[in-house]
Amino acid sequence: MLLTDSDWNLPNALTLLRIAMVPLYGYALLVDGGEDPWWRFTAWVIFALAMITDKIDGDLARARNLVTDFGKIADPIADKSLMAAALIGLALV
């Protein structure tokens with residue numbers, strides 16, 4: 001799955017940012033066994049920012065007709081990765 005010139009747009013950049021946030025969220029959630037309130041709050045903030053980027057990238061892609069094949073594949077991967085990290089991380093905590 002290579003990015004073409006037409007794939008480089010803000011919605012796809014936000015999707016890639018969301019994918020990059022998944023390990024950060026997982027780390028923040030599981031630091032110190034999930035017992036530290038500061039890290040739990042940090043994990044919540046990362047999760048909330050990721051969800052906000054999901055809303056923004058979808059709205060931008062549709063409003064500006066920036067829907068790409070890459071975005072159609074990457075956006076669900078980003079969403080499912082974040083949800084899986086949350087479910088697994090919270091189950092461990």
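## Charges and overall form

Lys and Arg count here as positive, Asp and Glu as negative. On that count the protein chain carries 7 positive and 11 negative charges, and their mean positions lie 7 Å apart. The model is predicted.

The protein chain has 3 helices and 0 strands. From the N terminus on, the order is α-α-α. The C-alpha atoms fill a box of roughly 45 × 25 × 15 Å along the principal axes.

## Surface and contacts

The protein chain has 93 residues, and 38% of them are buried.

Residues 24 or more positions apart account for 78% of them.

## The nonpolar core

In soluble globular proteins, nonpolar side chains tend to be buried together. The largest nonpolar core in this model has 11 residues. Its members are Met 21, Val 22, Tyr 25, Ala 28, Leu 29, Ala 43, Ile 46, Ala 50, Leu 82, Ala 85 and Ala 86. Helix 1 (10–30), helix 2 (37–63) and helix 3 (69–92) each give two or more residues to this core. Helix 1 gives the most, with 5 residues.

Leu 82 is one of the core residues. Set aside its neighbours within four places in sequence. Leu 82 is then in contact with Val 22, Tyr 25, Phe 47, Ala 50 and Met 51.

## A buried salt bridge and its network

The structure holds 7 salt bridges. One of them joins Asp 79 to Arg 18, with the closest N and O atoms 3.2 Å apart. Asp 79 and Arg 18 are both buried.

Asp 79 and Arg 18 also belong to a network of salt bridges. Asp 54, Asp 57 and Asp 75 are linked in that network as well.

## Thr 15

Thr 15 lies in helix 1. Its relative accessible area is 2%, so Thr 15 counts as buried; the cut-off for buried is under 20%.

Leave out residues up to four places away in sequence. Thr 15 then touches Asp 57, Ala 74, Asp 75 and Ala 78. Two of these residues, Asp 57 and Asp 75, are also in the salt-bridge network.

## Salt bridges within a helix

Asp 59 and Arg 62 meet through their side chains in a salt bridge, at 3.5 Å from N to O. Both belong to helix 2, and they are 3 residues apart, so about one helical turn separates them. How exposed is Asp 59? Its relative accessibility is 33%, so Asp 59 counts as partly exposed. Arg 62 reaches 61%, so Arg 62 counts as exposed. The cut-off for exposed is over 50%.

Helix 3 holds another such pair, Asp 69 and Lys 72. Their salt bridge has its closest N and O atoms 3.9 Å apart. These two residues are 3 residues apart, so they too are separated by about one helical turn. Asp 69 and Lys 72 are both exposed, whereas Asp 79 and Arg 18 are both buried.

How values were computed. Residues numbered from 1 in each chain as written. Predicted model: local features only at pLDDT ≥ 70, side-chain atom pairs only at ≥ 80, totals over all residues. Heavy atoms only, no water. Core = buried A, V, L, I, M, F, W, Y, C linked by side-chain atoms within 4.5 Å. Buried < 20%, exposed > 50% of the residue type's maximum accessible area, 1.4 Å probe, protein only. Helix = DSSP H or I, 4+ residues; strand = E, 2+ residues; numbered from the N terminus. Contact = heavy atoms within 4.5 Å. Salt bridge = Lys/Arg side-chain N within 4 Å of Asp/Glu carboxyl O. Charge placed at Lys NZ, Arg CZ, Asp CG, Glu CD.
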